[in-house]
Amino acid sequence: MTQTAFIGLGHMGLPMARNLLRAGYPLKVFDLVRSAVDTLAGEGAVAADSAADAIDQAKVVISMLPASRHVEGLYLGDDGLLARLPAGTLVIECSTIAPESARKVHAAARERGIALLDAPVSGGTGGAAAGTLTFMVGGEAQTLEKARPMLAAMGTNIFHAGPEGAGQVAKVCNNQVLAVQMIATAEAMAMGVANGLEPAVLAEIMRQSSGGNWTLEKYNPWPGVMENAPASKGYSGGFMAELMAKDLGLAQETASHSGNSTPMGALALQLYRLLLKQGKGKQDFSVVQQLFVQ
Ligand code: NAD
């Protein structure tokens, strides 16, 4: 099996790497947080002391980092990984970053004969753990075919969105819809409960009616409605509000680039910024519910 480096073992990266290990891929793993590295080392991965150590002998490199600056910092520049990797290496970059940033990393990889995909994901930590993520891939179709068996060990839906950066464009469109749905669900839950409905009854009615959406299916923001949702665990785990604010910012930049009007996305960004100002950025993004509770 292909020797693989996995860098970034946070909420998403750790369960994704775990699924690769279970599928038999030999992994060398690195994160700035040592405890995450140790967890996977206890499950059969080799622990690396640095990103450079992780990529030693690797034929494939996978990364799952917070934002554009982390990805550019990891790959670009004289000390970056692209300067160290041999031509022919496959890099699968799964973080959600600016399409422009992804194109910059693609260009640097291409110059060195390294095959790179931008492959952001959807499906949340539940999808990462279950191996049912959706991958939205930007890059060469033939590179995607090389990566497909590994992606299939982590996800069920694998889409070729288009050329370099297209995976990131698809991802910011998707997350803008997700944020708007989450806010709409949260404000409706608060209104219904304030007018006397049981939260679980209202949630089920909307889920089975024309207001039904992904947040009502899998991720209800009202505490106690869904046992395993972050809302029922003090809004811990899941997808941090600060990362959603980042993605909504990327969506606004993408819209500015093309001259599109995206008023719902703009309002969603403002509401998430408000949450960040309230010190809730590290909580799951469904904590937006608290803006509407009277
Ligand atoms: P996270 O903050 O939990 O994990 C990021 C990890 O990267 C952290 O463990 C951090 O220590 C590590 N890291 C940062 N810089 C590093 C470096 N230079 N070298 C090694 N490790 C480094 O974030 P997450 O929730 O896992 O999200 C990761 C990416 O996936 C983000 O771009 C996010 O927008 C996207 N995403 C998240 C979810 C979700 O539900 N959490 C869903 C889809 C997409």
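Residues are numbered from 1 along each chain as its sequence is written. Because the model is predicted, local features need pLDDT of at least 70 and side-chain atom pairs count only at pLDDT 80 or more, while totals for chains, interfaces and linings use all residues.

The chain is assigned two domains, domain 1 (4-164) and domain 2 (169-291), with bounds that come from an automatic or database domain assignment. Their C-alpha centres lie 27 Å apart. Where the domains touch, 13 residues come from domain 1 and 14 residues from domain 2; two residues are in contact if their C-beta atoms, placed from the backbone, lie within 7 Å. On the domain 1 side, helix α6 (residues 124-130) gives the most, with 3 residues. Helices (H or I, at least four residues) and strands (E, at least two) are DSSP runs, numbered from the N terminus. That side of domain 1 has 7 nonpolar, 6 polar and no charged residues. Here Ala, Val, Leu, Ile, Met, Phe, Trp, Tyr, Cys and Pro count as nonpolar, Asp, Glu, Lys and Arg as charged, and the others, Gly among them, as polar. From UniProt, in an unreviewed entry, comes the annotation "domain: 6-phosphogluconate dehydrogenase NADP-binding" for residues 4-162; UniProt positions are given in the numbering used here, feature names are shortened, and annotations may be inferred rather than shown by experiment. The end C-alpha atoms of that span lie 25 Å apart, and the span is 39% helix and 24% strand.

K171 is found in helix α8 (residues 166-194). With 28 other C-beta atoms within 10 Å, K171 is buried; the term buried applies if 20 or more other C-beta atoms lie within 10 Å of a residue's own, exposed if 12 or fewer, and partly exposed in between, with C-beta atoms placed from the backbone. Not counting residues up to four places away in sequence, K171 touches T96, P120 and M136.

Turning to the interior, nonpolar side chains tend to be buried together in soluble globular proteins. In this model the largest nonpolar core has 95 residues, and A17, V29, V61, I92, M244 and Y272 touch the most other members. Such a core is a set of buried Ala, Val, Leu, Ile, Met, Phe, Trp, Tyr and Cys residues joined through C-beta atoms within 7 Å. The largest share of the core in this model, 10 residues, comes from α8. Both domain 1 and domain 2 give residues to the core, so it lies between them. V61 touches A5, I55, L81, L85, T89 and V91, leaving aside residues up to four places away in sequence.

R18 sits in helix α1 (residues 13-22) and is buried, with 23 other C-beta atoms within 10 Å. R18 touches L40 and E43, residues up to four places away in sequence not being counted.

Q57 lies in the loop between α3 (51-54) and β4 (60-63) and counts as exposed, with 10 C-beta neighbours inside 10 Å. Y235 lies in the loop between α10 (214-218) and α11, and counts as buried with 23 such neighbours inside 10 Å. The C-alpha atoms of Q57 and G123, 66 residues apart along the chain, are separated by 31 Å.
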